[in-house]
Amino acid sequence: MSQAKERRHLFVFTGPDGSGRKTIADMVGTTLELKKVLSYTTREARQGEQEDQDYHFISADAFRTEERNGAFVETVFIGGFYYGVKKADIERLWAEHRFVYVILNPEGAHLLKQAFGDAVIRLFLYADREALRHRQLERGDGVALVEERLAHYEAAMSYLPQCEYAFENVDLSHTVFSITNVIEQYLNRQLLNLD
Ligand SMILES: Nc1nc2c(ncn2[C@@H]2O[C@H](COP(=O)(O)OP(=O)(O)O)[C@@H](O)[C@H]2O)c(=O)[nH]1
Ligand SMILES: Nc1ncnc2c1ncn2[C@@H]1O[C@H](COP(=O)(O)OP(=O)(O)O)[C@@H](O)[C@H]1O
(Lines give C-alpha, C1' and ligand atoms only; values in the text may rest on other atoms or scores of the structure.)
(Ligands and ions follow the chains in the order given, each with its own letter.)
Protein backbone atom coordinates (compact mmCIF):
# COMPACT_ATOMS: atom_id res chain seq x y z
CA MET A 1 0.00 0.00 0.00
CA SER A 2 1.47 3.34 -0.99
CA GLN A 3 1.79 5.99 1.66
CA ALA A 4 -0.03 8.46 -0.56
CA LYS A 5 -3.11 6.26 -0.31
CA GLU A 6 -3.42 7.27 3.32
CA ARG A 7 -2.77 10.96 2.78
CA ARG A 8 -5.15 13.29 4.56
CA HIS A 9 -5.63 16.97 4.06
CA LEU A 10 -7.08 19.81 6.03
CA PHE A 11 -7.79 22.81 3.79
CA VAL A 12 -7.65 25.99 5.84
CA PHE A 13 -9.44 29.01 4.37
CA THR A 14 -7.80 32.08 5.83
CA GLY A 15 -7.19 35.77 5.16
CA PRO A 16 -8.47 39.10 6.47
CA ASP A 17 -12.04 39.40 7.77
CA GLY A 18 -14.56 39.95 5.00
CA SER A 19 -12.30 38.48 2.31
CA GLY A 20 -14.91 35.85 1.44
CA ARG A 21 -13.54 32.90 3.41
CA LYS A 22 -16.89 31.59 4.63
CA THR A 23 -18.79 32.18 1.39
CA ILE A 24 -16.12 30.55 -0.74
CA ALA A 25 -15.21 27.72 1.64
CA ASP A 26 -18.82 26.63 1.88
CA MET A 27 -19.39 26.86 -1.88
CA VAL A 28 -16.25 24.85 -2.66
CA GLY A 29 -16.98 22.46 0.21
CA THR A 30 -20.48 21.76 -1.09
CA THR A 31 -19.30 21.30 -4.67
CA LEU A 32 -16.54 18.87 -3.73
CA GLU A 33 -18.44 17.28 -0.82
CA LEU A 34 -15.77 18.15 1.73
CA LYS A 35 -16.60 17.93 5.42
CA LYS A 36 -16.33 21.08 7.52
CA VAL A 37 -14.60 21.24 10.88
CA LEU A 38 -16.65 23.59 13.07
CA SER A 39 -15.10 25.97 15.57
CA TYR A 40 -16.37 26.50 19.08
CA THR A 41 -17.06 30.06 20.13
CA THR A 42 -18.31 31.92 23.18
CA ARG A 43 -19.92 34.68 21.13
CA GLU A 44 -23.66 34.75 20.58
CA ALA A 45 -25.10 33.39 17.36
CA ARG A 46 -25.89 36.16 14.91
CA GLN A 47 -29.16 36.32 13.03
CA GLY A 48 -29.26 33.54 10.48
CA GLU A 49 -26.49 31.54 12.14
CA GLN A 50 -27.26 28.05 13.31
CA GLU A 51 -25.81 25.88 16.04
CA ASP A 52 -23.76 23.02 14.58
CA GLN A 53 -23.78 24.60 11.13
CA ASP A 54 -21.82 27.85 11.52
CA TYR A 55 -20.23 27.31 14.92
CA HIS A 56 -20.73 25.34 18.10
CA PHE A 57 -21.87 28.08 20.47
CA ILE A 58 -20.78 27.37 24.04
CA SER A 59 -20.47 29.28 27.33
CA ALA A 60 -17.18 30.83 28.45
CA ASP A 61 -17.12 28.44 31.43
CA ALA A 62 -17.54 25.40 29.21
CA PHE A 63 -14.85 26.72 26.85
CA ARG A 64 -12.35 27.26 29.67
CA THR A 65 -13.02 23.79 31.07
CA GLU A 66 -12.44 22.18 27.68
CA GLU A 67 -9.30 24.27 27.23
CA ARG A 68 -7.93 23.13 30.60
CA ASN A 69 -8.59 19.54 29.54
CA GLY A 70 -6.45 20.09 26.44
CA ALA A 71 -9.34 19.58 24.00
CA PHE A 72 -8.37 22.42 21.65
CA VAL A 73 -5.59 22.21 19.10
CA GLU A 74 -5.68 26.01 18.86
CA THR A 75 -7.61 28.85 20.48
CA VAL A 76 -7.80 32.62 20.00
CA PHE A 77 -9.40 35.43 21.96
CA ILE A 78 -10.88 38.05 19.62
CA GLY A 79 -13.10 40.98 20.50
CA GLY A 80 -13.86 39.60 23.95
CA PHE A 81 -14.75 36.08 22.79
CA TYR A 82 -12.96 32.76 22.62
CA TYR A 83 -12.73 30.70 19.46
CA GLY A 84 -11.14 27.28 19.11
CA VAL A 85 -10.91 24.07 17.14
CA LYS A 86 -10.95 20.68 18.83
CA LYS A 87 -8.33 18.14 17.87
CA ALA A 88 -10.82 15.28 18.33
CA ASP A 89 -13.19 16.89 15.79
CA ILE A 90 -10.51 16.93 13.11
CA GLU A 91 -9.52 13.36 13.85
CA ARG A 92 -13.12 12.15 13.91
CA LEU A 93 -13.79 13.66 10.47
CA TRP A 94 -10.47 12.39 9.13
CA ALA A 95 -11.42 8.86 10.19
CA GLU A 96 -14.14 8.90 7.51
CA HIS A 97 -13.14 11.63 5.05
CA ARG A 98 -9.62 12.27 3.91
CA PHE A 99 -10.37 15.86 2.91
CA VAL A 100 -11.83 18.32 5.38
CA TYR A 101 -11.85 22.12 5.68
CA VAL A 102 -11.96 24.84 8.27
CA ILE A 103 -12.26 28.64 8.24
CA LEU A 104 -9.80 30.49 10.50
CA ASN A 105 -8.00 33.75 10.99
CA PRO A 106 -4.26 33.69 10.09
CA GLU A 107 -3.22 33.08 13.70
CA GLY A 108 -5.32 29.93 13.82
CA ALA A 109 -4.07 28.83 10.38
CA HIS A 110 -0.50 29.16 11.64
CA LEU A 111 -1.19 27.08 14.75
CA LEU A 112 -2.89 24.33 12.75
CA LYS A 113 0.05 24.22 10.36
CA GLN A 114 2.36 23.75 13.32
CA ALA A 115 0.14 20.98 14.68
CA PHE A 116 -0.50 19.01 11.47
CA GLY A 117 2.34 20.01 9.12
CA ASP A 118 2.07 18.84 5.50
CA ALA A 119 -1.54 17.74 5.96
CA VAL A 120 -2.52 21.40 6.20
CA ILE A 121 -3.01 23.35 2.95
CA ARG A 122 -3.61 27.05 3.57
CA LEU A 123 -5.73 28.94 1.04
CA PHE A 124 -5.34 32.67 1.64
CA LEU A 125 -8.13 34.92 0.34
CA TYR A 126 -7.79 38.66 0.06
CA ALA A 127 -9.11 41.82 -1.54
CA ASP A 128 -8.20 45.47 -1.09
CA ARG A 129 -9.15 47.29 2.08
CA GLU A 130 -11.97 49.30 0.49
CA ALA A 131 -13.58 46.20 -0.99
CA LEU A 132 -13.50 44.51 2.40
CA ARG A 133 -15.01 47.55 4.09
CA HIS A 134 -17.78 47.71 1.52
CA ARG A 135 -18.56 43.98 1.66
CA GLN A 136 -18.72 43.84 5.46
CA LEU A 137 -21.02 46.87 5.59
CA GLU A 138 -23.18 45.29 2.89
CA ARG A 139 -23.22 42.10 4.94
CA GLY A 140 -24.85 44.19 7.67
CA ASP A 141 -21.93 44.51 10.10
CA GLY A 142 -21.76 47.72 12.17
CA VAL A 143 -19.30 50.49 11.24
CA ALA A 144 -17.35 50.17 14.52
CA LEU A 145 -16.91 46.41 14.15
CA VAL A 146 -15.80 46.76 10.54
CA GLU A 147 -13.24 49.45 11.42
CA GLU A 148 -11.94 47.35 14.33
CA ARG A 149 -11.42 44.43 11.94
CA LEU A 150 -9.78 46.64 9.31
CA ALA A 151 -7.25 47.73 11.94
CA HIS A 152 -5.88 44.18 11.65
CA TYR A 153 -5.85 44.20 7.83
CA GLU A 154 -2.08 44.70 7.38
CA ALA A 155 -1.23 42.12 10.03
CA ALA A 156 -3.51 39.58 8.36
CA MET A 157 -2.09 40.38 4.89
CA SER A 158 1.46 39.80 6.14
CA TYR A 159 0.60 36.11 6.48
CA LEU A 160 -0.04 35.68 2.73
CA PRO A 161 3.52 34.66 1.73
CA GLN A 162 3.52 31.77 4.18
CA CYS A 163 0.41 30.17 2.71
CA GLU A 164 0.47 27.40 0.13
CA TYR A 165 -1.97 29.31 -2.13
CA ALA A 166 -3.30 32.88 -2.34
CA PHE A 167 -6.28 34.18 -4.32
CA GLU A 168 -7.37 37.73 -4.84
CA ASN A 169 -11.14 37.48 -4.49
CA VAL A 170 -12.45 40.01 -6.99
CA ASP A 171 -15.04 38.03 -8.90
CA LEU A 172 -16.68 35.48 -6.62
CA SER A 173 -17.41 32.78 -9.19
CA HIS A 174 -13.91 33.09 -10.63
CA THR A 175 -12.37 32.61 -7.18
CA VAL A 176 -14.58 29.61 -6.45
CA PHE A 177 -13.62 28.09 -9.80
CA SER A 178 -9.87 28.59 -9.17
CA ILE A 179 -9.98 27.09 -5.68
CA THR A 180 -12.13 24.17 -6.77
CA ASN A 181 -9.52 23.39 -9.42
CA VAL A 182 -6.69 23.47 -6.90
CA ILE A 183 -8.45 21.15 -4.47
CA GLU A 184 -9.52 18.83 -7.30
CA GLN A 185 -5.87 18.31 -8.13
CA TYR A 186 -5.37 16.89 -4.62
CA LEU A 187 -8.44 14.71 -5.03
CA ASN A 188 -7.26 13.43 -8.43
CA ARG A 189 -3.75 12.78 -7.15
CA GLN A 190 -5.32 10.70 -4.45
CA LEU A 191 -7.32 8.68 -6.99
CA LEU A 192 -4.26 8.10 -9.20
CA ASN A 193 -2.29 6.86 -6.22
CA LEU A 194 -4.89 4.20 -5.54
CA ASP A 195 -3.85 2.25 -8.66
N1 LIG B 1 -7.98 30.99 15.27
C2 LIG B 1 -9.28 30.83 15.12
N3 LIG B 1 -9.98 31.77 14.50
C4 LIG B 1 -11.30 31.57 14.35
C5 LIG B 1 -11.95 30.42 14.83
N6 LIG B 1 -13.25 30.50 14.52
C7 LIG B 1 -13.42 31.66 13.87
N8 LIG B 1 -12.24 32.31 13.77
C9 LIG B 1 -11.97 33.64 13.18
O10 LIG B 1 -12.20 34.60 14.18
C11 LIG B 1 -12.56 35.85 13.57
C12 LIG B 1 -13.72 36.47 14.28
O13 LIG B 1 -14.88 35.87 13.91
P14 LIG B 1 -16.24 36.66 13.98
O15 LIG B 1 -16.01 38.09 14.20
O16 LIG B 1 -17.10 35.96 14.94
O17 LIG B 1 -16.74 36.63 12.52
P18 LIG B 1 -17.22 35.54 11.53
O19 LIG B 1 -16.12 35.49 10.50
O20 LIG B 1 -18.49 36.11 11.00
O21 LIG B 1 -17.42 34.25 12.25
C22 LIG B 1 -12.78 35.55 12.11
O23 LIG B 1 -11.59 35.94 11.44
C24 LIG B 1 -12.94 34.05 12.10
O25 LIG B 1 -12.56 33.47 10.86
C26 LIG B 1 -11.16 29.43 15.50
O27 LIG B 1 -11.63 28.40 15.95
N28 LIG B 1 -9.84 29.71 15.62
N1 LIG C 1 -15.90 38.49 -4.87
C2 LIG C 1 -16.86 39.05 -4.12
N3 LIG C 1 -17.49 40.14 -4.58
C4 LIG C 1 -18.45 40.72 -3.84
N5 LIG C 1 -18.86 40.31 -2.64
C6 LIG C 1 -18.25 39.21 -2.14
C7 LIG C 1 -17.22 38.53 -2.83
N8 LIG C 1 -16.82 37.48 -2.08
C9 LIG C 1 -17.56 37.52 -0.96
N10 LIG C 1 -18.43 38.55 -0.99
C11 LIG C 1 -19.37 38.96 0.06
O12 LIG C 1 -18.58 39.63 1.03
C13 LIG C 1 -19.08 39.38 2.34
C14 LIG C 1 -17.95 38.83 3.19
O15 LIG C 1 -17.70 37.50 2.81
P16 LIG C 1 -17.58 36.37 3.94
O17 LIG C 1 -17.53 35.07 3.23
O18 LIG C 1 -18.62 36.55 4.98
O19 LIG C 1 -16.13 36.75 4.50
P20 LIG C 1 -15.25 36.20 5.71
O21 LIG C 1 -15.78 34.84 6.08
O22 LIG C 1 -13.87 36.15 5.14
O23 LIG C 1 -15.37 37.22 6.80
C24 LIG C 1 -20.27 38.44 2.20
O25 LIG C 1 -21.46 39.20 2.26
C26 LIG C 1 -20.06 37.83 0.82
O27 LIG C 1 -21.29 37.49 0.22
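**Helix 4 and its strands**

Work out which strands helix 4 lies across, and at what angles it runs to strand 1 and strand 5.

Start with strand 1 and strand 8: helix 4 (residues 106-116) lies across both and runs at about 165° to strand 1. Helices here are DSSP runs of H or I with at least four residues, strands are E runs of at least two, and both are numbered from the N terminus. Next, turn to strand 5 and strand 6, which helix 4 also lies across, with an angle of about 165° to strand 5. Angles run from 0 to 180 degrees between N-to-C directions, with axes fitted to C-alpha atoms, for helices over the stretch in contact; contact means that C-beta atoms, placed from the backbone, lie within 7 Å.

Keep in mind that this is a predicted model, in which local features need pLDDT of at least 70 and side-chain atom pairs count only at pLDDT 80 or more, while totals for chains, interfaces and linings use all residues. Residues are numbered from 1 along each chain as its sequence is written, and chains are lettered from A and ligands numbered from 1 in the order in which they are written.

Find the strand order of the parallel sheet and name its edges.

Trace the order 2-7-1-8-9: these 5 strands form an open sheet with parallel pairing. Two strands pair if DSSP finds at least two bridges between them. Strand 2 (35-36) and strand 9 (165-168) each have a single partner strand, so one side of each is left without a neighbour in the sheet. Now look at strand 8 (residues 120-126), which pairs with strand 9 over 4 bridges in the parallel sense. Leu125 stands opposite Phe167 of strand 9.

**The mixed sheet**

In what order do the strands of the mixed sheet lie?

The 4 strands follow the order 4-3-6-5 in an open sheet. Strand 4 (56-57) and strand 5 are the edges, each pairing on one side only. Helix 2 (residues 60-68) packs on this sheet, touching strands 3, 5 and 6, at about 45° to strand 6. Then zoom in on strand 5 (residues 72-78) and strand 6 (residues 81-86), which are antiparallel over 6 bridges. Thr75 has Gly84 of strand 6 as its bridge partner. These two strands form a hairpin with 2 residues between them, and Gly79 in the turn has a positive phi of about 55°.

**Helix 5 against helix 6**

How do the axes of helix 5 and helix 6 cross?

The axes come within 10 Å and cross at roughly 150°. On the helix 5 side, the contact uses Arg129, Leu132, Arg133, Gln136 and Leu137, and on the helix 6 side Val146, Arg149 and Leu150.

**Two ligand shells**

Which residues come nearest to ligand 1 and ligand 2?

Around ligand 1 there are 14 residues, the closest being Ser39, Val76, Tyr83, Asn105 and Gly108; a residue counts as near if its C-beta atom, placed from the backbone, lies within 6 Å. Strand 5, strand 6 and helix 4 each give two or more residues to this shell. For ligand 2, Gly20, Arg21, Lys22, Thr23 and Arg135 come nearest among 14 residues. Helix 1 gives the largest share of the ligand 2 shell, 3 residues.

Technical notes. Contact = placed C-beta atoms within 7 Å.
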